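This report looks at the disulfides of one protein model. Please view the sequence and the structure first.

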Amino acid sequence: MRTTTILSIISTAVAAFVCKGPIDCGLNGECLDGVCKCVPGWENPPSLKEGQFGCSLIKFKPVDDGKEGYKNSSFDVWGLSPVYNNDDQLWHLFTAQFSGGCPVHSWKTNSFIFHAHGPTPHGPWTGSDVSLNIFACNPQALLHPDGTWILFFIGGWHYPVSTRENCTTTNVYPPAAMGAGMPETADGCGPMPKYNAGCGIRMATSQSPYGPWSVND
């Protein structure tokens, strides 16, 4: 019994988390005397062990389902980029979504950029149109002083429809003809097997948040 207890104490001591620098704190805090002191908004996960990162748990506030916000029960959503437009006095939201009823892990083959609009940055949002078809992800929208709408996004390489994942038998949105098509690039860049290399960051422009959009290399 005594031997078992001693071994248990030694095992616990070896597995205890002790940070050595800010990397061990996920760059979300400082390492002080072996303990991660997190910046506001982050906290240490319970029961930290060696090999894990401190300050890696986001401190979310409770969600009030009664408040407005962008909600989509049909598609997984990644990232939101709202921009106010003086011309129609509406907020325009650009977000990455995933076709074929697929979750986020299918982003490399199924991600497209969807456009919605609403009266406030909190909504309520009305779905409008597909700005950029597959493959386009992580949109960042800007409205230039001259009135040009700009969408920065990652990816942009061409995918034949046959390469898209289909995670359901009923959800085939968006159709191939909807949204600006992704032209093949001269250097043939595209997704690498292991890393998100490919074409990197690209830009699309339009004279209206409703499109049509032109992809600029």
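Predicted model: local features only at pLDDT ≥ 70, side-chain atom pairs only at ≥ 80, totals over all residues.

Residues are numbered from 1 along each chain as its sequence is written, and side-chain values use heavy atoms, with hydrogens and water left out.

**Disulfides**

A disulfide is a covalent bond between the sulfur atoms of two cysteines. Here the term is applied to a pair of cysteine sulfur atoms within 2.5 Å. The count by this rule is three disulfides.

| Pair | S to S distance |
|---|---|
| Cys19 and Cys31 | 2.1 Å |
| Cys25 and Cys36 | 2.1 Å |
| Cys38 and Cys55 | 2.2 Å |

**Place in the chain**

Helices (H or I, at least four residues) and strands (E, at least two) are DSSP runs, numbered from the N terminus. Buried stands for under 20% relative accessible area, exposed for over 50%, and partly exposed for values in between (1.4 Å probe, protein chains only).

Take Cys19 and Cys31. A disulfide joins Cys19 to Cys31. The pair links distant parts of the chain, 12 residues apart. Cys19 sits in the loop between α1 (2-15) and β1 (29-32), while Cys31 lies in strand β1. The torsion about their S-S bond is about 95°, so this disulfide is right-handed. Cys19 is buried, at a relative accessible area of 5%. Cys31 is partly exposed, at 22% relative accessibility.

Next come Cys25 and Cys36, which form a disulfide. Distant parts of the chain are again linked: Cys25 is in the loop between α1 and β1, Cys36 in strand β2 (residues 35-38), 11 residues apart. The S-S torsion of Cys25 and Cys36 is about -90°, so the disulfide is left-handed. Both Cys25 and Cys36 are buried.

Cys38 and Cys55 also form a disulfide. The link of Cys38 and Cys55 is left-handed, with -95° about the S-S bond. Cys38 is partly exposed, with a relative accessible area of 27%. Cys55 is buried, with a relative accessible area of 0%.

**A further cysteine**

Is Cys137 buried or exposed? Cys137 counts as buried, at 2% relative accessibility.
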